[in-house]
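Subject: Structure for you to look at

Hello,

Here is the structure I promised to pass on. Please open it first, then read my notes below.

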Amino acid sequence: MKRALSIVMLVVMFAVLVTACAPKPEPAAAPAPEATPAAAEQPAAEKKLKIAFAYQDLETEFWVAGHKAIVETLKAKGIEVIEFNANEDANKQLEQVNDAIAQKVDGIIIIPQDGESAVAIGEACNSAGIPFGVFNRPPSNKDAKALVAVADNVTISAKAMEHMALEARKVFEKTGKKVKPLVMVGDLGDPNAVGRYQGFKNVYEKNKDIFTEYIEVPTKWDSNTALANLKSAMAANKDVGLLFCGSDFLYPVIKSVLEPLGKWQKIGDPNHIIMGAVDGDMTAGKLMDEGYVDATAVQDLYYEAELILTGMLEAIEKGEKTPEKWMDDPGFALTQANMGEMKMRMWGNKLRQEKGEL
Amino acid sequence: MFLKGSPTERNKSDVKDLFVKVLLSEYFIVFFCLLIFVSLMPVTPHIASRANINNIMSNLWPLFIIAIGQTVVLIVAGIDLSQTSIIAITSVVGAAIMTSKADPTLFEKSPLWGWFLTESGGPLAGEPAAIYAAIFVMILIGVGIGCFNGFFIHKFKMPPFMVTLVSQMLFSALAIYLTKSENIIGLPKNFKAIGSGSIMKIIPYSMIFAIVVAVLAAILLNKTVLGKWLYLVGSNPKASAVIGVPTGKVIIFAYAFSGFCAAMGSVLLSARLIAGRPTLGQTMLMDVVGAAVIGGTSLFGGKGKVSWTLFGALFFVILANALNMMKLPFYVVDMAKGIVIIIAVAFDVLRIEIKRRTNVM
Amino acid sequence: MGENILALRNISKAFYGIKALSDVSIRVEKGEVLGIIGENGAGKSTLMNIVGGVLQPDSGDMLLYDQPYKPKNTMDANASKIAFIHQELNLCNNLTVAENIFLIDFPKINKIPYINKREMNRLAHEAIKAVGLQCPPDTLIEKLSQGERQLVEIAKAFSMDAQVIIFDEPTTSLTARETERLFKIIGDLKQKGRSIIYISHILSDIQKLTDRIVVLRDGNVTAEGTTSSFNIDSMIFNMIGRDMKHIYPERKNVVSDEKKVELVNITKKGIVSNINLHAHEGEVVGIFGLMGSGRTELMHIFFGLDSFESGEIKIKGKLKSKNTAVQSIKQGVAFVTENRREEGLMLEMTVLENLSFVAMPNLASRFLRFIDKSRIADKAAAISQRLRIKSGAIEKSAAKSLSGGNQQKVVIGKWLMTSPEIFIVDEPTRGIDVGAKFEVYSVINNLACDGAAVLVVSSEIEELMGICDRIYVMSRGEITGCVGQDEFDRETILRYAFGQCAFNKNASHESEVQQ
């Protein structure tokens, strides 16, 4: 009995398998004839669009705000959003996107775990003929056709760093001693981290006359790693005078390391370390107001969300299956010098205002 | 027959019989999968679309292969937590061998830089045999780590949980160290085909990989002396030693086989993402052990089958797929997953209890 | 006739339609030792589980001091001052003696759920003193010997002031000395007016210890009477329902001169020293020793499950090259281990599978060693017939479903599959009933008739005297004597076992010191 049952089961399984696999080329081809006439015959507004949004995780304030920006904008436009959280697993994200493809969504937007997986996922979307968009963290190469909205990390980091270099020069002129810079680098698999590091290095090279060799602290975009590495770096180098960090979300870590050393001081204090980071979140906004932080390289989150969504909807409307467009968010640097005019352009400060903090 | 009561009553008892039969079947989990599948069809019709079934299948194979290895280790009353790090390190090394480009800014600090990995890629960059060599080396590493685990477990009588936990940390760290946490890209096009290609667009390569491993494992477990020894050592190591089973070698073999399966799984996973990733597979452990155990393999050794594990893996894949299909908010997904797994396990316990009672009768 | 403390009237109990007890009525008098005997499955344990509150009867009732007694669980039984000391002791090895004694009802400080440790240890001290156990109450159970653990169980019964104490096979894992002490304590308890129900397979103990005997067979009482009205033969007759001419099979084996096994000066520090031993073709050689004498350890060394430091092992005249189990099996040695359940059987697996394991590699294909299922099945079927293993279809019934005797036959049978010439049999009849014992003895006898050398390790002297040609006696890791069939005598063997050495005088001196 058992044996018979198991044989039947296996036969059924196999049958399912074969029927599943046999018409494999179909699904890729099938949506095409359906989708194009649909788009052509009816105005897009009548058909409710479905867009999948797959993000790597919602660990930091930045990603939460980004997630909110996208989901709210989409919902406001009457578009159905299907969300996937990959919990920082690139393979899982690929499977989720495949599931979304199987559901025949109209577009897929991802925040990838890293640049490499964005390529593999993009290729899957391309071959299924579904428009593919990447938010904030660009693919590492152009093998996959994608809509990319990303901040110009090199430029905004350099802008913020330039202000910090000016401050450092003042210190150098006053004391005659070269300033020792420290840079906290993100996960170098993330092109954003590479870009921010590059922006720092560009300014550093131009101002070598006032800087000693810089100290590099890897963070892997992980608080625990950052904490351990920064602690040991600060212990070995007591004379750090400038700190540039790849992301605002690490400020609590930085504070917890510097405070016991007596180096968490406001601007003007002789022990103040010139400080700046990238993103522009609420913490950064607050710390700049309080005078602990000198400069923040700001990516315009809402603008980027708007960019990617406009691009995506345009592509869907035109019936493009593999749109390709690189959309830069120029961003800006908020410094203590331009606080007056630029402060409210930073998304972190906008959020603070919404919450009534400002 | 005529005296047995009204037809409806008879039907009722037939239905009950069928229910009990299904519950007691060793393939109960298949019916559970079908239940999930069928009950979701009205809600999300996409679940039964060909594209989606295809998708379920392609997600199934890597998990299945890796879980087969776990099953063999569970049969000898062990556990292999290091499979995830075997996946990671073989992925990285395999990719390093066959990649055709490596960005110096990323890899300058890697210990492989210069002698193994250069700007023009790995040692076999561009060679047609690179894929085969890479897969061979990946398997070699997997088996090697498995032997390492087995050796410590057998020789020093260390608990498998600790040994494999340590090697999980050790080799995962090594994978990260080797690449400085970077992903290695630029893999040959043919390698990508292993992950997503298929023969004549009908039979995916990944399925062939999985079936080969599964048939190998099934023959091993059912038809060979070594296979029986695995069960013996798992169910009663003392008695096995008495009747002349080389328990040490059997244990080492089990872990080596688990390493082999993890390496094969790594080939498929790396090929799907077209990259060597030092963090590959890190979140898979739950699904791998879960697939084996829900299929019916005992955590206490001596019990397990390849077919059971196939259905256990199918369960996890269908569950993930179904949850992805349901447009749930992301935080609900994991909760729902947990609840369904608990229900499945509860049913499993229930049916074992019923079986035990009916046996007594 | 004394006063009835406990009376069971027409107790019946069935499990899933199979009658375990039908209409059983027994009574227990104050201050008596009642022996209950019967084969395995006769219903002794079911009956006692009903008295102890573990099971509830389907029909019938019980009276305790002429009051209805209906325990729903063991707690109820304990509250009614009935204590049940199981064969497998119910002690928590990781707790102390005192904690185990008061596990159910810890002395508390007033009503607060806080254990009054000092009070507990004081009470425990009294209880263990009463049973003659000499250890502080805060000793961990795992540090005690089996006999001492038994005493803790008795102390537990003492502390709850039990009036009826049930002993289920209490001596199976006790040394001779511990058994003597147990009997003395049972005597004391009786003096104090406690009633004892004593269950055992060892009929000589029953004869010695009890006042009255109840014999059970297939859930019925087949005989009841004062102990003096029974002799061993009548007990057996009532137990198995037929006359058994002999407890031991007739010996027909022929001992040849050829030495199949020879151990020369085997020594392992702290375990065995200077062991010289041999067995001929067709000979059954007994190895007797008290617990801890090193007999089992010696067999482990001989078979290659353990290493030794010096000496040599010769099998069929050839020096054993590598001392491993694999090598032993290759050279034709079989080891029927002491613990069937732990070292002998895969309980969950079928009889066929259990029979096949030893021979499996030999019957497999050369290439990749595929199993030849049909050859194994044929051979196993033949063995199962030859040993008359009683089970369902051997490819279906699990080993755990067999009775003890049949399980033992499976353990022996799996070795017969490779036709070995030397057998080591460790405690072959432990925990199996009289009928099955006879069959196991016959199997051993037949092996010798077929020319095998059989080494039988046992702690039952009568058993060894019944089936062996020669008996070695061990004490504290040494062989203290060797007795031939014509000199078999209980006293002599015991004297050697207590350390009085036949070969050198030092040992006898030591034994005096010990005594």
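Predicted model: local features only at pLDDT ≥ 70, side-chain atom pairs only at ≥ 80, totals over all residues.

**Chain C: helices on a sheet**

Helix α6 (residues 176-191) of chain C lies across β3, β9 and β10 of chain C. It runs at about 145° to β10(C).

The sheet itself is open and has six strands. In chain C their order is β6-β9-β10-β3-β11-β12, and the pairing is mixed. At the edges stand β6 (82-85) and β12 (220-226) of chain C. Each has a single partner strand, so one side of each is left without a neighbour in the sheet. On average, neighbouring strands of this sheet are turned by 15° against each other, direction ignored.

Look at one pair in detail. Strands β9 (residues 164-168) and β10 (residues 195-199) of chain C run parallel and are joined by five bridges. C:Asp168 has C:Ile199 as its bridge partner in β10(C).

**Where chain C meets chain B**

Here 23 residues of chain C are in contact with 18 residues of chain B. On the chain C side, the elements that give two or more residues are α10 (325-330) and α11 (340-344) of chain C. That side divides into 16 nonpolar, two polar and five charged residues.

**Two helices of chain B**

Helix α10 (residues 225-235) of chain B is mostly covered, with ten of its eleven residues buried. Among them are B:Trp229, B:Tyr231 and B:Lys228. The cover includes α3 (50-75), α9 (205-223), α11 (237-242) and α12 (247-273) of chain B.

Helix α2 (residues 28-40) of chain B has 13 residues. It reaches 19 Å from its first C-alpha to its last, close to the expected 18 Å. Its buried residues are B:Phe28, B:Ile29, B:Val30, B:Phe32 and B:Cys33.

**Two domains in chain A**

Chain A is divided into domain 1 (47-150 + 302-329) and domain 2 (153-300 + 333-354). Their centres, taken over C-alpha atoms, are separated by 30 Å. In chain A, 14 residues of domain 1 are in contact with twelve residues of domain 2. On the domain 1 side, the elements that give two or more residues are α4 (61-76), α6 (115-128) and α12 (301-318) of chain A. That side divides into five nonpolar, three polar and six charged residues.

Best wishes

Definitions and conventions
Residues numbered from 1 in each chain as written. Chains lettered and ligands numbered in written order. Contact = placed C-beta atoms within 7 Å. Helix = DSSP H or I, 4+ residues; strand = E, 2+ residues; numbered from the N terminus. Nonpolar A, V, L, I, M, F, W, Y, C, P; charged D, E, K, R; others polar. Pairing = 2+ DSSP bridges. Axes fitted to C-alpha atoms, helices over the stretch in contact; angles between N-to-C directions. Expected span 1.5 Å × (residues − 1). Buried ≥ 20, exposed ≤ 12 C-beta atoms within 10 Å, placed from the backbone. Domains from an automatic or database assignment.
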